[in-house]
Amino acid sequence: MARRGWTLAAAVALLVTLAAGPAPAWAQVEVRMWTLLSGGDGARMRALVEDFNASQREVRVVSTTLKWGEPFYTKLITASVVGAGPDLATVHLSRLVNLAGGGVLRPITDAELAAVGLKGSDYLPRQWEKSRWQGQTWAVPLDMHPLVLYYNKTLLKPTGLLDAAGNLKPIEGVDALTDAFRIATETTHRRGLTMESSQSSFAIWRLWLSMLAQQNIAIVRNGKYSYGPAGTATLTRISDWFRKGYAQAGLDYPASTSQFMGGGAAFMLNGVWEVPELVRASKAGTLGFEYGIVPLPKMYANASAWADSHAFAMPANAGNAPSPAKVKAILTFVAYVSKHSMGWAEGGHIPAYRAVAESPEALALQPNAQYAEAAHNVVYDPDGWYMGAAGPLEAIASKFLPAALYGYMTPAQAIHRFETEGARLIRKNPPRY
């Protein structure tokens, strides 16, 4: 077993070395970073890396992009455990309990942060809180990206759902939101709503979690499912939108976004990461309609909306701990990105660094300003080693919850299957990798 582990470690180290290429003679410290960011996010992170490298001569960051989701986390866990992981990794805060509790990450001390001019109060409270576990800091948050409601102003003009300025009138209550989808469907003869809804999609889980949180109901508490009858009732509400034809079941992610971008749906439930494409298409004149964005409507007692956050974390790399000089070099880059995250905001994300998030420039940025209020109501996946982005319980939920939308199961059957298959994870002791 040990022989295979060290062989993998050598292979991982060799791949990173080859990808990095030779370091320039002036580089005093090289920081190797693994990231799961791709598409527009990946391009923005590459730009930040290039800008940082050009800004000084003490540290050189070399970034390698790996496949998003479970492939990334599997490689990160394996490499860190055998001491061959990167110096720095971008992770989701929803995976923090899994990674920190599993021994994959090393904590970051207040003194280490202070050495590069950072402290916890520099970041938005909810994101900083989520970066900590068992009294220690395990990551530095970069952003938050909540679930929001996009709408097609052009399609909605004849529906009575817009005010005199052409903006969506306030929607409060699950019945009011359902009515909005119905009115949009009947008036426009297009879908009132589009969202990712195929099997293995994560969107239904995110919406279901949001709606339960709006009812002040947790999914898991003290190692047990805690939502009771509200779990089925809430999934029934969602499935009704599809059963009544307001939304189309079975759409994968590209198909759902294309349906909205192509003018085939009046509303879209999605994360803020689609903002850059809307901005680009609007500027290019290829979008074909005016759009707006609002936070997820308050359907029940509060306005909670699912969100996750990207963050920087330092792998533990068993037996290969970084020197103090390397730690300072790593966090120097993290501090640079935090303080230069306005470009990250242009990707639709809400920056976690307060000086940027609360700056006049960020507060005026469009369309971000339209959904900025969502930052005050975000809810993450519950803490648990099995939770988080592309985590095992989310994978089970994405397997069964969408089945209620297109009639393969009733909402009650879908919830039962989710509970039955997920129960083994909740009962299982947290792994130590």
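Tutor: Here is a close look at the cavity and then at the pocket. Keep in mind that this is a predicted model. A search of the whole structure turns up 1 cavity of 30 Å³ or more. The space inside the largest cavity is about 60 Å³. What lines it? The lining consists of L147, M195, E196, A203, R206, Y253, S256, L269, N270, G271 and W273. The largest share belongs to β11, with 3 residues. Sorted by class, the lining of the largest cavity has 6 nonpolar, 3 polar and 2 charged residues.

Now turn to the open space. The largest pocket has a volume of about 530 Å³. Its lining is made of 20 residues, and D41, W68, R206, Y253 and W273 are the closest to its centre. Look again at R206, Y253 and W273. They line the largest cavity, and they are also among the residues closest to the centre of the largest pocket.

Which elements supply the pocket? At least two lining residues come from each of α2 (39-55) and β13 (305-308). The most come from α2, which gives 3 residues. By class, the lining of the largest pocket divides into 8 nonpolar, 7 polar and 5 charged residues.

To trace this yourself, find β11 for the cavity, where it gives 3 lining residues. Then find α2 for the pocket, where it also gives 3.

Conventions. Residues numbered from 1 in each chain as written. Predicted model: local features only at pLDDT ≥ 70, side-chain atom pairs only at ≥ 80, totals over all residues. Heavy atoms only, no water. 1 Å grid on protein atoms, 1.4 Å probe; cavity = no way out; pocket = protein on both sides within 12 Å on 5 of 7 lines; lining within 4 Å. Points joined across faces, edges and corners; volume = space filled by probe spheres on them. Helix = DSSP H or I, 4+ residues; strand = E, 2+ residues; numbered from the N terminus. Nonpolar A, V, L, I, M, F, W, Y, C, P; charged D, E, K, R; others polar.
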